[in-house]
Amino acid sequence: MLPAGPLRSATRRFACLWLLALSFAMAPLSAMADPKPANLLVIYSNGRLLPANVEADRGLREGLAEGVGRHANVFDEFLDAPRFEGAEFVETMSAFLRGKYAKHPPDVIVAAGPDALAFCLQTRSHLFAGIPIVYLVVSEGILSRLAPLPPDVTGIPIVYEFSRTIEQAMAWHPKARQLVVVTGTSPQDRAWEDQLRSEVPRFRGRIETEFLSGLPTPALLARLSRLGDDSLVLAAGYFRDGAGTDFTPREAVLGMSAVSGAPVYGVFNTLIGAGVVGGYMADFRAMGRQAARAVNQVLEGGQPSPDAPVRTVPATLNVDWNEARRWGISPRAIPDNAVVHFREPSLWESHRVAVLASLAVLVVQTGLIAGFMVERRRRKLAVQAERQQRAELLHASRVATVGELTGAIAHEINQPLGAILSNAEAAEMMLDSGTHQLDGLRQILADIRRDDLRAGEVIRRLKGLLDKHQVEHQRFDLDEAVADVEPILRVEARRRAVVLEFQHPGAAAPMLGDRVQIQQVLINLVLNALDAVADLPEARRWVGVSVFQDADQVGLAVQDRGHGLSPQALPVLFDSFYSTKTSGMGLGLSIVRTLVQAHGGQVTAENRVDGGARFRVEFPRSDPNVDGPHHGDA
Amino acid sequence: MAMPEPNPPPLMHVVDDDESLRAALVRLLEAAGFEARGYASAGDFLLHPVPDRPGCVLLDVRMPGPSGLDLQAALPAHKVKLPVIFMTGFADVPTSVRAMKAGAVDFLEKPVQRQTLVEAIGRALQRDEQQRRERNDIAGLRERFALLSPREQTVLEQVVAGKLNKQIAAALEVSERTIKTLRAQCMDKLGAATSAELGTLVERLRRGSAD
């Protein structure tokens, strides 16, 4: 090596500046300016399908694509360790590669794994001499054994984070009393075992450690299946078991975690999905990308330097969400920076907008529904209250109407009472006289009984009119209902010195509804008519009530020979509070119309040709034997 | 003088449309020692001849057809001079005033107790007897009045009018003594002791004729 003098240093500086200027000028064109693609030979320690290799390959290609330099042709070779090894294999392989790549000399060699790096260094004198080497997935321990490395050999070391993983596993399983470490028999397996044996003693006193090293797989699985959840399993996986059977570490771990009674931890991210809970894991894809950056640097003209800082890819904590759930690890115990696999993104995470929109819709809808329900309830209460008030009003009006009949009612009760009194007194006198006229006394008793029943009947009818009753919907004979209140109306008419005539149809007039309400209609109309003739001379005071019925309808008419209805009164006759009487409230006819309409009928008023008014009420006929609504208990 | 038979009981007429009440009243009156007849209406009563016997009419106020008041008003036209007792379930003041003014003995509210009824009947019979007596007196008076000659009647009118003998003599162009004689004859025939009594008799006769 020439000593570095000022002159040389100046020349170098000049050259650097020139190159820098050139690169600035040419940089955008450089990719196209150099049409010759670079050859990149990747030599893997193990088989093609080792998951670590697949991941590293993917990372490598991603990293190469990031580079702005020459396009790289990637060639892959696999040493298939541990199945092939020994000096003879190295010889054969190097001869094969030399022949194979004679026409495609590599510009950079990537050694993926310790065996590949060892092979390259070993064969470098006669195979691909002087070609820069970038390695990856080689542990510091192996590197130190291979040291010193030539200056054009650089790369990405791997760190197996056994201790941190054990630490994390113990944190997640505080009840664990035993740590079971599984290793195999291949050189790589032995290397992991060596590292583990050097690191495990630091946990002494906190956890019992047992090594299951080099067991045949069936024996190992039998052991693992007997473990309880007070144990932890740390498995690097193995390439070869105690019986000499080859595996990929992932395959080995798949078998172990399938039967293990204790959670299994590992340190490669390729084990995720094979049943391990997790661990601080080396990321092969990231290492591949990192290696590709080193390759790009070499291809762009820079030399890999052993002085360059070691570009280790830091291991990250990986967790299999399903396994974590299975072993009862609280989601809160998983650090935020952990990479969580297989967690179904929550609805919130995957459809945030949709969820927000749905929630908004739901809230609005709920609000609306609640509003409507409140409104509905309020309306229902209002309807109930209105119905209640209407019933109260009808009842109050009926009480008032019956109140107008008080004189008639008193008369109707007084007559039989008077007869009973006189009969009783007559009987007394007959007994006092000593002449025992037994037949006469018997007759008197019979009469007393009859009059008593008669007074009772008046009270029964009165009670029917005055009672607050549930509105009925039953079939009844309109004529019979009219006849029922006829006596009282007759008495009232006599009291007012009015001739009251009833005409009955001579046949039943069946209709549906509430009998008492229809009686109320009749009483209201008759009292109105009696009022209408009140100021006429006695001889002209006449009111007629007729019940009629035909095939379709039944009804009643109340007419008088009063002054008739004025033209102004006719249109508003049935309105509330319209009254021509000084004492009336004006509710009578309004209530009549309300009751009639509630029975599906109609009421009309007109003036008679020979003076006076006629009110006509019609209802639909309802025969018991024809189709139609039946009353409740039918 | 046509006096009634010595011992027949007073006859009660019960007019009420309520059959059962009517029957009970009739029964009660019979038990109380009266003879009683029932009528369903005013018309029914008027259709039956009423014997001239002491008694009274028990009348319901309100009945289909003519009312009790109508019947009361119609009685004189039918020569029925019996006192009337009203019974009513509707005891309103105007009706009772009208009934009493028309000469009713009493206005009873139904139901009527025996005691009340018997007392009212007692008063009615008393009045009936009194009216009968009055009617008899007037009939006698009228008979005696008929005995007066036309000349005596003319003098009597003048005397009752309060004229002096001298004035009457001048008006009739006879002597004062003739007038004195005629006056004495009138007093004798009519059974009056004084001229003043003569005036009272004539007054009673006039009132009786107006009935």
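Trainee: Where does Pro82(A) lie?
Mentor: Pro82(A) is in the loop between strand E2 (72-78) and helix H3 (87-100) of chain A. Keep in mind that this is a predicted model.

Trainee: What kind of peptide bond joins Ala81(A) and Pro82(A), cis or trans?
Mentor: Cis. Omega is about 0 degrees there.

Trainee: Phi next. What is the value at Val137(A)?
Mentor: Near 55 degrees. That is a positive phi in a residue other than glycine. Most residues other than glycine have a negative phi.

Trainee: Which element holds Val137(A)?
Mentor: Strand E4 of chain A, residues 133-139.

Trainee: Is Val137(A) buried or exposed?
Mentor: Buried. Its relative accessibility is 13%, and the cut-off for buried is under 20%.

Trainee: What about phi of Lys79(B)?
Mentor: Phi of Lys79(B) is positive as well, near 60 degrees. Lys79(B) is in a loop, between helix H3 (68-74) and strand E4 (84-88) of chain B.

Trainee: Buried or exposed, that Lys79(B)?
Mentor: Exposed, at 68% relative accessibility. The cut-off for exposed is over 50%, so Lys79(B) passes.

Trainee: Switching to the interface. How much area do chain A and chain B bury between them?
Mentor: About 2,000 Å², with 55% of it on carbon and sulfur atoms. Three residues of chain A stand out: Gln415(A), Met429(A) and Arg494(A). They supply 29% of the area that chain A buries against chain B, more than any other three residues.

Trainee: How many residues does each chain bring to the contact?
Mentor: Chain A brings 26 residues and chain B brings 21 residues.

Trainee: How many salt bridges run between chain A and chain B?
Mentor: Four. Arg494(A) makes a salt bridge with Asp17(B), side chain to side chain, at 3.1 Å from N to O.

Trainee: And polar contacts between the two chains, how many residue pairs?
Mentor: Ten residue pairs, both residues at pLDDT 80 or more.

Trainee: Which helices of chain A supply the side that touches chain B?
Mentor: Helix H14 (406-433), helix H15 (438-466) and helix H16 (478-495) each supply at least two residues. H14(A) gives the largest share, 16 residues.

Trainee: Now the surface. Which residues make the nonpolar patch of about 320 Å²?
Mentor: Val364(A), Leu368(A) and Phe372(A). Phe372(A) is in helix H13 of chain A, residues 352-404.

Trainee: Why does Phe372(A) count as exposed?
Mentor: Because its relative accessible area is 57%, and exposed means over 50%.

Trainee: Last topic, chain A as a whole. How many helices and strands?
Mentor: 19 helices and 19 strands. Chain A has 634 residues, and 44% of them count as buried.

Trainee: What about its accessible surface?
Mentor: About 33,200 Å² for chain A, of which 57% belongs to carbon and sulfur atoms.

Trainee: And what share of its contacts joins residues 24 or more positions apart?
Mentor: In chain A, 71% of the contacts with a separation of 6 or more.

Definitions and conventions: Residues numbered from 1 in each chain as written. Chains lettered and ligands numbered in written order. Predicted model: local features only at pLDDT ≥ 70, side-chain atom pairs only at ≥ 80, totals over all residues. Heavy atoms only, no water. Patch = residues over 30% accessible without salt bridge, like charges linked within 9 Å, V, L, I, M, F, W, Y side chains within 5 Å. Areas by Shrake-Rupley, 256 points an atom, 1.4 Å probe, with all protein chains shown as cover. Helix = DSSP H or I, 4+ residues; strand = E, 2+ residues; numbered from the N terminus. Buried < 20%, exposed > 50% of the residue type's maximum accessible area, 1.4 Å probe, protein only. Contact = heavy atoms within 4.5 Å. Buried area = accessible area lost by both parts, 1.4 Å probe. Polar contact = N/O pair within 3.5 Å; in protein donor to acceptor, adjacent residues only side chain to side chain.
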